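Morning, everyone. Let me put the model up on the screen, and then I'll walk you through it.

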Amino acid sequence: MNPLALVTQRYQSAIREKAIKRAETRIIIAGRTPQDFSAEDLEIVVQEEEDKIKAEIKEKGLLAVLALLGLSWLG
Amino acid sequence: MLRNLVQLTLLSVFWRRYKSIILSTFVLFLYLWLIGKLHQDYVNYSELNSDHEYLALSFVIKWCAFILGIMVYLLLNSLFPRSKKLVPTVAKKNQKTESDQDAVVDPFAEIRQRKKLRSRADFIIEKHKK
């Protein structure tokens, strides 16, 4: 059992769950229900949300590194 | 002020998340240090008595104890990687999804299982291939 694979798997599934939640919210805001959409359409919506989440994580990670450097964490 | 607050928050998050790993690593280092100390004492004792009969064996035992300790540590952390707090939340999530599936068929069930999701462009390319 590879512990690193477990961590990445958990990380991926957490992102997927978050993307599904966001996709559901987006669909509800549009006045529809997930049942109205085909499997393909749902996959596209979730994929878009997943990409957005990953981009946000990258952006936040960079900001965190900059903040740590700015605050002179080790100094 | 702000720096201390950020440090404290990060430390508390880090502690809550990796408590079991931090504690087990500390115990491992304590174990390795104790074994080393015991062995050092034995070496000193054998030198004082000029009795080197079991000296080589003591080194073998020491390294076996080191390897055993590290293996137990790796096994414990790879078999039970989640802390106690995380297990109930995961279990709750699973229960929730199961109950949801019972009530209404989950339209996202297939998406959850997929390793990689396809984009609109992927679908278009697939259709053209056909």
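So, α1(B) spans only 61 Å between its end C-alpha atoms, whereas a straight helix of 48 residues would span 70 Å at 1.5 Å a residue. That expected span is 1.5 Å times one less than the number of residues in the helix. And when I say helix, I mean a DSSP run of H or I with at least four residues, while a strand is a run of E with at least two, and both are numbered from the N terminus.

Where does α1(B) bend? At B:Tyr18, by about 80°. The bend here is the angle between axes fitted to the seven residues ending at a residue and the seven starting there.

Quick housekeeping. This is a predicted model, where local features need pLDDT of at least 70 and side-chain atom pairs count only at pLDDT 80 or more, but totals for chains, interfaces and linings use all residues. Residues are numbered from 1 along each chain as its sequence is written, and chains are lettered from A and ligands numbered from 1 in the order in which they are written.

Okay, zooming out. Chain B comes to five helices and zero strands, and chain A has two helices and zero strands. Of the 130 residues of chain B, 2% count as buried; for the 75 residues of chain A, it's 16%. Buried means 20 or more other C-beta atoms within 10 Å of a residue's own, exposed means 12 or fewer, partly exposed is in between, and the C-beta atoms are placed from the backbone.

Now the packing. Helix α1 (residues 2-49) of chain B and helix α2 (residues 55-79) of chain B pack at an angle of about 175°, with axes 10 Å apart. Those axes are lines fitted to C-alpha atoms over the stretch in contact, and angles run from 0 to 180 degrees between N-to-C directions. So α1(B) is roughly antiparallel to α2(B), the word for angles over 145 degrees; under 35 is roughly parallel, 65 to 115 roughly perpendicular, and the rest oblique.

Who makes that contact? Among the residues are B:Leu28 and B:Tyr31 of α1(B), and B:Phe66 and B:Tyr73 of α2(B). In contact means C-beta atoms, placed from the backbone, within 7 Å. B:Thr25 is partly exposed, because 13 other C-beta atoms lie within 10 Å.

Between α1 and α2 of chain B there's a loop, and B:Ser50 is found in it. Its phi is near 55°, a positive value in a residue other than glycine. Most residues other than glycine have a negative phi. B:Ser50 counts as exposed because it has 6 C-beta neighbours inside 10 Å.

Last bit: the two chains together. The contact takes 15 residues from chain B and 16 residues from chain A. On the chain B side, α4(B) gives the largest share, three residues. That side divides into seven nonpolar, three polar and five charged residues. Ala, Val, Leu, Ile, Met, Phe, Trp, Tyr, Cys and Pro count as nonpolar, Asp, Glu, Lys and Arg as charged, and the others, Gly among them, as polar.

Definitions and conventions
Contact = placed C-beta atoms within 7 Å.
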